[in-house]
Amino acid sequence: MTRTAPIDLRSDTVTRPTAAMRQAMVAAPVGDDVFADDPTVNALQARIAEMLGFEAALFVPTGTQSNLCALLAHCQRGDEYIVGQMQHCYRWEGGGAAVFGSIQPQPLEHQHDGTLALADIEAAIKPDDAHFARTRLLALENTLGGRLLPFGYVQQATALAQSRGLSRHLDGARLFNAAVAQAQATGGDARTEARRIAQCFDSVSVCFSKGLGAPVGSALCGSREFIARAHRVRKMAGGGMRQAGMLAAAALHALDHHIDRLADDHALAKRFADGLVGIAGLKVEAPHTNLVFVDLEGPARERSAGLMDFLKSRGVLATGLYRLRFATHLDVDEEGVDQAVAAMKDYFHA
């Protein structure tokens, strides 16, 4: 059967709700979430908080807003947060913490595995002196560029931060991808691993509209006091939605049905990466989860200008903002991955 729709590997945010998810959305009881009386939103907040081991949670429209609420709830004007150069809440969110909160980022270089060196974190913590911004928070991201942060490292880094009086925030936009990968390595359960990771932090942001496949929404988890502060930030940022239960229902459905299947996305990413191995000039990073990154070298790099248009002409969509990136998700199957591999081989004459 000939495909009519393109294979969209640009991001796992491009997924469309499944038929079952749409039914759950239509059937959802709703209220006014600004008045805190939308029963489905309330159920989602209680569910994700309990799942990850926190007192409370806040449903927000986007992961960017979730991180913004977290940073502004943890820090005040003139405070500072320590963060990696390539983390989303520093590099890819428009500088929101600095623009809206007058919070100074202290970005650190990543190690080859995506971690921040413990010595670098230690050295970045400012002394209590009027010359310096007040270091208040360590922010980590897991997964980072699709890579799983080693759990032992997460424990060490967050313990260091706690010992120095810092709060700890996790951008867990793809937390459940991390949990599934960690569970596969340990032989454990993904939900248990998600909770283990989350409990190293004072706050965690989780995105429902990436690998979990919901159309919209993230949740920020933390203590009741912390979530109360974040709720005020959400209001100022325009994130208070009204009958949001239809969106929350999609997220609840995803938590029930789309966590374990993330392993399928990880397997497809490996299939895609394996298919590219051997193409001259392509340096393929072995994927930990559902994201495949490719660097072009030599003649392949010189030919890169027309690659995206060629792939599009072959029914494949991808991104190349700073590296080639391909994301697998619930709307991608083996046939689509193989079609994308074939298109890449044709372009580079492999």
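**Entry 1: Phe-151.** I began with the neighbours of Phe-151. Setting aside residues within four places in sequence, Phe-151 is in contact with Gln-182, Arg-196, Ile-197 and Cys-200 (contact means heavy atoms within 4.5 Å). This is a predicted model, where local features need pLDDT of at least 70, side-chain atom pairs count only at pLDDT 80 or more, and totals for chains, interfaces and linings use all residues. My residue numbers start from 1 along each chain as its sequence is written, and side-chain values use heavy atoms, with hydrogens and water left out.

Phe-151 lies in helix 7 (residues 151-163). Helices here are DSSP runs of H or I with at least four residues, strands are runs of E with at least two, and both are numbered from the N terminus. Is Phe-151 buried or exposed? Phe-151 is buried, because its relative accessible area is 14%; buried means under 20%, exposed over 50%, and partly exposed in between, with a 1.4 Å probe and protein chains only. I also checked Ala-178: it is 27 residues from Phe-151 in sequence, and their C-alpha atoms are 9.9 Å apart in space.

Entry 2: Next I looked up an open sheet of 3 strands, which has the order 9-10-12 and antiparallel pairing. Two strands pair if DSSP finds at least two bridges between them. Strand 9 (282-284) and strand 12 (324-327) stand at the edges with a single partner strand each, so one side of each has no neighbour in the sheet. From one strand to the next, the twist averages 25°; angles run from 0 to 180 degrees between N-to-C directions, and axes are lines fitted to C-alpha atoms, for helices over the stretch in contact.

How many bridges join strand 10 to strand 12? I found 4 between strand 10 (residues 291-296) and strand 12, and Leu-291 has Ala-327 in strand 12 as its bridge partner. Helix 12 (residues 262-276) packs on this sheet and touches strand 9, strand 10 and strand 12. The direction of helix 12 makes about 20° with that of strand 10.

**Entry 3: aromatic rings.** Searching the whole structure gave me 6 aromatic pairs. Rings of Phe, Tyr and Trp (its six-membered ring) pair if their centres lie within 6.5 Å; planes under 30 degrees apart are stacked, over 60 edge-to-face, and the rest tilted. One of the pairs is Phe-272 with Phe-326, tilted, with 4.7 Å centre to centre and 50° between the planes. Phe-272 is in helix 12 and Phe-326 in strand 12, 54 residues apart. Both Phe-272 and Phe-326 are buried.

Phe-293 and Tyr-322 form a tilted pair too, at 6.5 Å centre to centre with 45° between the planes. Phe-293 lies in strand 10 and Tyr-322 in the loop between strand 11 (316-317) and strand 12, so this pair ties together parts 29 residues apart in sequence. Phe-293 is buried at a relative accessible area of 4%, whereas Tyr-322 is partly exposed at 47%. Ring pairs also link Trp-92 with Phe-293 and Tyr-322 in a cluster.

**Entry 4: two helices.** Last, I turned to helix 2 (residues 39-52) and helix 11 (residues 245-257), which pack at an angle of about 35° with their axes 8 Å apart. Among the residues making the contact are Leu-44 and Ile-48 of helix 2, and Ala-248 and Leu-252 of helix 11.
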